[in-house]
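Open the model in your viewer and keep the selection tool at hand. The stops below go one by one, each with something to select and something to look for.

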Amino acid sequence: MPTDSIWSYAPGVDHARGADLTGYTVVARDGTAGRVDRQAGHHGMPHLVVDTGVWVFGRSLLVPVGVITAVDADGRKLTVSCTRAELKAAPRFRTDSETMDRVYLTAVGHYYSELPREERPAG
């Protein structure tokens, strides 16, 4: 996946663009990863800050919107294309100022764009 597309909603989840996803549960391919604490889009790089709760105690994750594969507005849940281990291995998110740091965001985008993608069934 090209790095720039990691910052765009995938086709089929475009309806999430502009929606407030704060509070939504984030579900990875292998289980719940946390809740959306806030969202930002500095430098044209829309992303979510996910509070991992007790799973990775005291740590938040920065997740580009391009890894979202589904949004369930009624259930206030969104699904991402990676595993919990892949989320945990992403570049460490330490401070809110990183949501505005182009260098940090570029490193995050590169990491997620290099992850293998789950094949989706045709249809």
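Start by selecting Asp-96. At a relative accessible area of 44%, Asp-96 is partly exposed. This is a predicted model, so treat each stop as a feature of a prediction.

The side chains of Asp-96 and Arg-38 form a salt bridge, 2.2 Å from N to O. The two partners come from distant parts of the chain, 58 residues apart. Asp-96 lies in the loop between helix 1 and helix 2, while Arg-38 belongs to strand 2.

The structure holds two salt bridges.

How accessible are Asp-37 and Arg-38? Asp-37 has 38% relative accessibility, so it counts as partly exposed. Arg-38, at 26%, counts as partly exposed too.

**Along the strands**

Select residues 25-28, strand 1, and residues 31-40, strand 2. The two run antiparallel and are joined by four bridges. They form a hairpin with two residues between them.

Next, select residues 47-51, which are strand 3. Strand 3 pairs with strand 2 in the antiparallel sense, over five bridges. Show Gln-39 and, opposite it in strand 3, Leu-48.

Look at the turn of this second hairpin. Six residues lie between strand 2 and strand 3. Select His-43 in that turn: its phi is positive, about 60°.

Move on to strand 4, residues 60-64. Strand 3 and strand 4 are antiparallel and share five bridges. Val-49 stands opposite Leu-62 in strand 4.

Is strand 4 enclosed or open to the outside? Five of its five residues are buried, so strand 4 is largely enclosed by the rest of the structure. Colour the two faces separately. In a regular strand, side chains alternate between the two faces of the sheet. On one side of strand 4 are Ser-60, Leu-62 and Pro-64; on the other are Leu-61 and Val-63. Both faces are covered, with all of these residues buried.

**Aromatic pairs**

How many aromatic pairs does a search of the whole structure find? There are two.

For one of them, select Phe-93 and Tyr-104. Their ring centres lie 6.5 Å apart and their planes are at 45°, so the pair is tilted. This pair also links distant parts of the chain, 11 residues apart. Phe-93 is in the loop between helix 1 (84-88) and helix 2 (102-113), and Tyr-104 is in helix 2. Both residues are buried.

Then select Tyr-111 and Tyr-112. Here the ring centres are 5.2 Å apart and the planes are at 80°, so the pair is edge-to-face. Tyr-112 has 0% relative accessibility and so counts as buried.

**Last stop: confidence**

Colour the protein by pLDDT. The mean is 86, and 88% of the residues reach 70 or more. Then select residues 119-123, where the pLDDT is below 50. Beyond near neighbours in sequence, this stretch has one contact in the model.

Terms used: Residues are numbered from 1 along each chain as its sequence is written. Side-chain values use heavy atoms; hydrogens and water are left out. pLDDT is the predictor's confidence in each residue, from 0 to 100. Contact means heavy atoms within 4.5 Å. Rings of Phe, Tyr and Trp (its six-membered ring) pair if their centres lie within 6.5 Å; planes under 30 degrees apart count as stacked, over 60 as edge-to-face and the rest as tilted. Buried means under 20% relative accessible area, exposed over 50%, partly exposed in between (1.4 Å probe, protein chains only). Two strands pair if DSSP finds at least two bridges between them. A salt bridge is a side-chain nitrogen of Lys or Arg within 4 Å of a carboxyl oxygen of Asp or Glu.
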